[in-house]
Amino acid sequence: MKRRTLPVLVSSVLLLAGGSCSQQQMDPLHLFHSEPQVSDEGLNMRPYRVRGKWYRPMGARDALKYSETGQASHYSSGRLARKYGPLYAAHKTLPIPCTVRVTNLSNGRSCECRIVDRGPFVRGRIIDLSRGAAGRIGMIGAGVAPVKVEVLSVGKYKSRR
């Protein structure tokens, strides 16, 4: 009798544990973690091509950790300003929508702006700021400035900064 109940018991345990041993193990404490699951749903993450080069926007989880220093430039688009207000920016791979803090490393001034466009497609530049955002951080006269870009939120998810 013991020989028959053991296989039944083992198969019952496997069924309760999720089917088979080949499936990914579930963290038993996943129900108690305070962090919400991060989803890419609702974000514009379609790969695109500019001048023969492919760009693949990063997922929300990676974007929430994003921080980079480099050169910023500014551009003006009346269409975008009418739709998003004066503080917006373009980035090659951050998901749309997301909010970033841009700090001018020359003078310490910073502003928050929303990524709503793709670019800049000029070598060595990491972000294109709207004229309003460029004015806030004091880079209008220079045209290009060294900046630090930090993601504050992606869609409905906030960064821990």
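I looked up Tyr48 first. Tyr48 has 15% relative accessibility, so I log this residue as buried (under 20% relative accessible area; exposed is over 50%, partly exposed in between; 1.4 Å probe, protein chains only). The model is predicted: local features need pLDDT of at least 70, side-chain atom pairs count only at pLDDT 80 or more, and totals for chains, interfaces and linings use all residues. Residues are numbered from 1 along each chain as its sequence is written, and side-chain values use heavy atoms, with hydrogens and water left out.

Next I searched the whole structure for aromatic pairs and got four. Rings of Phe, Tyr and Trp (its six-membered ring) pair if their centres lie within 6.5 Å; planes under 30 degrees apart are stacked, over 60 edge-to-face, the rest tilted.

One of the pairs is Tyr48 with Phe121, edge-to-face at 6.2 Å centre to centre and 75° between the planes. Tyr48 sits in strand E1 (residues 48–50) and Phe121 in the loop between strands E6 (110–117) and E7 (125–130), so the contact ties together parts 73 residues apart in sequence. Strands here are DSSP runs (E, at least two residues), numbered from the N terminus. I find Phe121 partly exposed, at 23% relative accessible area.

Then I checked Tyr75 and Tyr88. Their ring centres are 6.0 Å apart and the planes stand at 90°, so this pair is edge-to-face. Tyr75 belongs to strand E3 (residues 67–75) and Tyr88 to strand E4 (residues 88–90), so parts 13 residues apart in sequence are tied together. Tyr75 is buried at 19%. Tyr88 is buried at 2%.

Last entry: I note one aromatic cluster formed by Tyr48, Tyr55 and Phe121.

Terms used:
Helices (H or I, at least four residues) and strands (E, at least two) are DSSP runs, numbered from the N terminus.
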